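User: Could you take a close look at the place where the two chains meet, and walk me through what builds it?

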There are 2 protein chains.
Amino acid sequence: MSTSPEIQPRQDDVRQRLIEKSIGLFVERGYAATTVREIVEAAGVSKPVLYYYFKNKEGLYLEIMNGIGQLFDQQVEALHSTGGTVRRRLLDFFTGMFDAAQENLAVVRLAYTIYFGPPQGAPYIDFNRFFDQTLATVDALIIEGINNGEISPCNRSALNWSLVGSYHTILEDQICRNPPRIDRDGLIAVISLILDGVAPQADHQTFPGADQ
Amino acid sequence: MSTSPEIQPRQDDVRQRLIEKSIGLFVERGYAATTVREIVEAAGVSKPVLYYYFKNKEGLYLEIMNGIGQLFDQQVEALHSTGGTVRRRLLDFFTGMFDAAQENLAVVRLAYTIYFGPPQGAPYIDFNRFFDQTLATVDALIIEGINNGEISPCNRSALNWSLVGSYHTILEDQICRNPPRIDRDGLIAVISLILDGVAPQADHQTFPGADQ
């Protein structure tokens, strides 16, 4: 990568500042309404600096979205390299995704404004794949859990949607409400309650005094 | 209400057409970008007709949103006038809200574009109250179920978020995906699975062969 004298000193700083300022502007004013001029002014740099790093507004947006795409892929990847019970891995998966989203809440918020908002001419991002891959990932774990006896035979699709559906709404609450009405511990309690309900009866943790 | 000769003949028709055409335009083009001229042209009437019925664009938008607000309130209201088990009433409540939303999917979609989209200058609507009232309504039913022995003692908040969270994501799927990946029967299966998990053990419906 060639560098110009102007941007050499604090390369990563400047790049990161452009990303952060643009996320803020895209969310506050909308992607379509935000100009390159506004972004560079907010970041305290000149237009050629933005063009150098990202080519244009579209490039900057794609860089931001590819960033959370990679983060999501890492969560799915991490799941394959860890062992433990299916219950443990489901909890790790959901809390891992929750933590990653929490650390990038402004980007998640931006994704929502693009996905649900009116057309803004932003480059296409396949947001649906995140949800689809989450369903597929959780389904594979459910199958494993049923096969190894951790999960009682049940309606697999219903179990999947109850887990992913709850998680998804809890995540949404983090971007919709300030302060959110449910936190990470609440997420763990929800996933645990659903899994308790489909555990073989001897494992039922919500009914410690029940006949077995 | 005084009527002008122009609009007397098919009053409700014209009014309804203005509502429907504006919903379509608000979703497709955005609330801010849609003009009164575009709405009346789409509805095949003149501007004074829109002013007569709704005063202005804001009035038309508020009329649409108040419409789904009333529909939501009716669902909560209906719950208080029906009897039956807590399980039955929870299923009725969620399927009733699902059906009402299904019949007004374009309006639900519009609400999402306003709630999550960039600021568009639309009059304020307290969308959060729908979620808050849903949580409160379901919590009251959960308390009743625990008190009458239908629901085993459990983490009330976790049970509430698992039910409402799943429902909310399933509803969202109806507006996000075409065709949706889960339908009304899927919703019933999800709510049933979660409730089975917190039912006293003798009632467990997902483990028909299990020891009791």
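**The chain-chain contact**

Read along its sequence, chain A runs α-α-α-α-α-α-α-α-α, with nine helices and zero strands; helices here are DSSP runs of H or I with at least four residues, strands are E runs of at least two, and numbering starts at the N terminus. A quick note on the source: this is a predicted model, where local features need pLDDT of at least 70, side-chain atom pairs count only at pLDDT 80 or more, and totals for chains, interfaces and linings use all residues. Residues are numbered from 1 along each chain as its sequence is written, while chains are lettered from A and ligands numbered from 1 in the order in which they are written.

Now to the contact itself. Chain A puts in 36 residues and chain B puts in 36 residues, where contact means C-beta atoms, placed from the backbone, within 7 Å. On the chain A side, α6 (105–116), α8 (156–176) and α9 (184–197) each supply at least two residues. The largest share, 10 residues, comes from α8(A). By class, that side of chain A has 17 nonpolar, 16 polar and three charged residues; Ala, Val, Leu, Ile, Met, Phe, Trp, Tyr, Cys and Pro count as nonpolar, Asp, Glu, Lys and Arg as charged, and the others, Gly among them, as polar.

How do the two copies relate? Chain A can be laid on chain B with an RMSD of 0.0 Å by a turn of 180 degrees and a shift of 0.0 Å along the axis, superposing by least squares on C-alpha atoms of residues with pLDDT of at least 70 in both. The copies are thus related as by a two-fold rotation axis. The same surface serves both: 97% of the contact residues of chain A recur in chain B.

Then there's the largest nonpolar core, with 53 residues. A nonpolar core is a set of buried Ala, Val, Leu, Ile, Met, Phe, Trp, Tyr and Cys residues joined through C-beta atoms within 7 Å, and buried means 20 or more other C-beta atoms within 10 Å of a residue's own. The members touching the most others are A:Leu163, A:Val190, A:Ile191, B:Leu90, B:Leu163, B:Val190 and B:Ile191. From each of the two chains, α5, α7, α8 and α9 each supply at least two residues of this core. Zooming in on A:Ile191, its contacts are A:Leu90, A:Leu91, A:Phe94 and A:Leu163, leaving out residues up to four places away in sequence.

Notes. Two residues are in contact if their C-beta atoms, placed from the backbone, lie within 7 Å. A residue is buried if 20 or more other C-beta atoms lie within 10 Å of its own, exposed if 12 or fewer, and partly exposed in between; C-beta atoms are placed from the backbone.
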